[in-house]
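Reader: I have a model open on my screen and would like to learn how to read it. Could you walk me through a few features, one at a time?

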Amino acid sequence: MPASKRRIPASQPGMADPHQLFDDTSSAQSRGYGAQRGPSGLGYPTASASPQEAFLSDPVSNMAMAYGSSLAAQGKELVDKNIDRFIPVTKLKYYFAVDTLYVGKKLGLLFFPYLHQDWEVQYQQDTPVAPRFDVNAPDLYIPAMAFITYILVAGLALGTQDRFSPDLLGLQASSALAWLTLEVLAILLSLYLLTVNTDLTTIDLVAFLGYKYVGMIGGVLMGLLFGKIGYYLVLGWCCISIFVFMIRTLRLKILAEAAAEGVPVRGARNQLRMYLTMAVAAAQPLLMYWLTFHLVR
């Protein structure tokens, strides 16, 4: 009787092959790690979540981020308060509220103040209207742009004379700023000594005194084009114009306050205020010539 052969049952899934010498660990990796293989195909598992997501999901991290945001907001508020204390940003916005129409009218007023009649500044609920609505209101846009243009024109004039250098151009800019600062300080001191109660602010003074740069630009440009004759003709016209402009503008700010206080027109204090107004207006042509005569040869 032939020997009976033992039939080996087929291996079921998950059971080891009896003829296999070593266990197959390839399937165990996928079962043990439970992660997908990396894109490189080396068998390394990829992370299920990024470090940023794990950091954000941490409650302690969320509290730290919230605390940091609150500190940043408090610091910004503190900086804004301190800046507004020393630099009135909200007030500066008023002086730059201009448009193209206002700039054109203001430049015409600076060159031809003889044709203008109404010099009163308009008010709305005890607050002066924005410059773009009133040509008589002071602004800082024209003085700032005129100062920058004056420095550029000075550099052009020095370059045409083969005298340009960064040091000389810097000296020109610093001299103009120094004279402007001295003017403002001298006027403020005079107003204090004369006990003048006026609504003129330091920014108003900077605006009014900065209008002279417009005439200085015109004089230097005409000097470059037509020589000394063009320079003296245009600068002379601009000097007379700025003198008239300052007289008619400042007298409403200084002398009108004296009239409102009941100071006699021919009183001693009123005479001093008039002399102060004349002195400020007369200083503009002198400075215009002093800061430009060496640029034209």
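This is a predicted model: local features need pLDDT of at least 70, side-chain atom pairs count only at pLDDT 80 or more; totals for chains, interfaces and linings use all residues.

Reader: What is a disulfide, in general terms?

Author: A disulfide is a covalent bond that links the sulfur atoms of two cysteines. To count as one here, the two sulfur atoms must be within 2.5 Å.

Reader: How many disulfides does the count come to by this rule?

Author: The count is zero.

Reader: Is Cys-238 buried or exposed? And Cys-239, buried or exposed?

Author: Cys-238 is buried, with a relative accessible area of 4%. Cys-239 counts as buried too, at 13% relative accessibility. The cut-off behind both calls is that buried means under 20% relative accessible area.

Reader: Now to helices. How are two packed helices described?

Author: Two packed helices are described by the angle between their axes and by the distance between those axes. Take H7, residues 166-193, and H8, residues 202-210: their axes come within 10 Å and cross at roughly 130 degrees.

Reader: Which residues make the contact?

Author: From H7 come Leu-180, Glu-183, Val-184, Ile-187 and Leu-188, and from H8 come Thr-202, Leu-205, Val-206 and Leu-209. Sorted by class, the contact of H7 with H8 has seven nonpolar residues, one polar and one charged.

Reader: Why would residues three or four places apart in a helix point the same way?

Author: An α-helix has 3.6 residues a turn, so residues three or four places apart point the same way. You can look for that spacing among the contact residues of H7, including Leu-180, Val-184 and Ile-187.

Reader: How many of the residues of H8 are buried?

Author: Seven of its nine residues are buried, so H8 is largely enclosed by the rest of the structure. The buried residues of H8 are Ile-203, Asp-204, Leu-205, Ala-207, Phe-208, Leu-209 and Gly-210.

Reader: And what does the secondary structure of the protein come to?

Author: There are ten helices and two strands. Along the sequence the pattern reads α-α-α-α-α-β-β-α-α-α-α-α. Of the 297 residues of the protein, 32% count as buried. Finally, among contacts between residues at least 6 apart in sequence, 71% join residues at least 24 apart.

Key: Residues are numbered from 1 along each chain as its sequence is written. Side-chain values use heavy atoms; hydrogens and water are left out. Axes are lines fitted to C-alpha atoms, for helices over the stretch in contact, and angles run from 0 to 180 degrees between N-to-C directions. Helices (H or I, at least four residues) and strands (E, at least two) are DSSP runs, numbered from the N terminus. Contact means heavy atoms within 4.5 Å. Ala, Val, Leu, Ile, Met, Phe, Trp, Tyr, Cys and Pro count as nonpolar, Asp, Glu, Lys and Arg as charged, and the others, Gly among them, as polar. Buried means under 20% relative accessible area, exposed over 50%, partly exposed in between (1.4 Å probe, protein chains only).
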